Amino acid sequence: MTSLAHQLKRLALPQNNANLFTRKEVASLLFDPKEAARIDRDTFFALGCTGLEELLGIDLLFEEFQETLFSQASKGLERSVQSKEVNQKLDTSISLFLTRLSPYFLLKPAQKCIEWLIHR
């Protein structure tokens, strides 16, 4: 393999990997792994947003996550190509969200939110 070909292979974006689109099983909290593999990103996003809306009826502290973890922009975010700083900020946001979510973990809306985070 030439040096250029080797460099291009290393730079290949993970989201362009064909194996990501043909997985037979996907980790899931709410669905069977085979069923989860057939669900698209938009459906998981809608599920998570529905869960967040339901949680807002219980506790308005979840409102700040509407513009971050549950925003339209989060659907297209690929962590693997983000900078270390962006990933650290995202980790902090996820940690804060999960900490606030912990008292409600057994509620269905909380599990819907977690399902979205699993897939993102």
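I began with Ser74, and found that, beyond residues up to four places away in sequence, Ser74 touches Phe45, Thr68, Leu69, Trp116 and Arg120. Contact here means heavy atoms within 4.5 Å. Ser74 sits in helix H4, residues 72-76. With 10% relative accessibility, Ser74 counts as buried; the cut-offs are under 20% relative accessible area for buried, over 50% for exposed and partly exposed in between, with a 1.4 Å probe and protein chains only.

A note on the model. I am reading a predicted model, where local features need pLDDT of at least 70, side-chain atom pairs count only at pLDDT 80 or more, and totals for chains, interfaces and linings use all residues. Residues are numbered from 1 along each chain as its sequence is written, and side-chain values use heavy atoms, with hydrogens and water left out.

Next, the overall layout. I looked up the secondary structure and found six helices and zero strands in the protein chain. Helices (H or I, at least four residues) and strands (E, at least two) are DSSP runs, numbered from the N terminus. Of the 120 residues in the protein chain, 30% are buried. I also checked contacts between residues at least 6 apart in sequence: 65% of them join residues at least 24 apart.

Then I turned to the core. The largest nonpolar core has 21 residues, and Phe62, Leu69, Phe70, Phe97 and Leu101 have the most contacts inside it. Helix H3 (41-56), H5 and H6 are the elements that give two or more residues to this core. Such a core is a set of buried Ala, Val, Leu, Ile, Met, Phe, Trp, Tyr and Cys residues joined through side-chain atoms within 4.5 Å.

Which residues does Phe97 contact, leaving aside its neighbours within four places in sequence? I found Leu52, Phe62, Phe65, Leu69, Phe70, Cys113 and Leu117.

On to the rings. Rings of Phe, Tyr and Trp (its six-membered ring) pair if their centres lie within 6.5 Å; planes under 30 degrees apart count as stacked, over 60 as edge-to-face and the rest as tilted. By this rule I have six aromatic pairs. Phe31 and Phe44 make an edge-to-face pair, because their ring centres are 6.1 Å apart and their planes stand at 75 degrees. Phe31 lies in the loop between helix H1 (3-11) and helix H2 (33-37) and Phe44 in helix H3, so this pair ties together parts that are 13 residues apart in sequence. Phe31 is partly exposed at 25% relative accessibility, whereas Phe44 is buried at 3%.

Phe70 and Phe97 form a tilted pair, 5.4 Å centre to centre with 55 degrees between the planes. Phe70 is in the loop between H3 and H4 and Phe97 in helix H5, so the pair ties together parts 27 residues apart in sequence. Both Phe70 and Phe97 are buried. Ring pairs also link Phe62, Phe65, Phe70, Phe97 and Tyr104 into a cluster.

I went back to Trp116, this time with Ala46. These two are 70 residues apart in sequence and 8.5 Å apart in space, C-alpha to C-alpha. Ala46 is in helix H3 and counts as partly exposed at 40% relative accessibility.

My last stop was Leu106. I located Leu106 in the loop between helix H5 (84-101) and helix H6 (108-119). Is Leu106 buried or exposed? Leu106 counts as exposed, because its relative accessibility is 74%.
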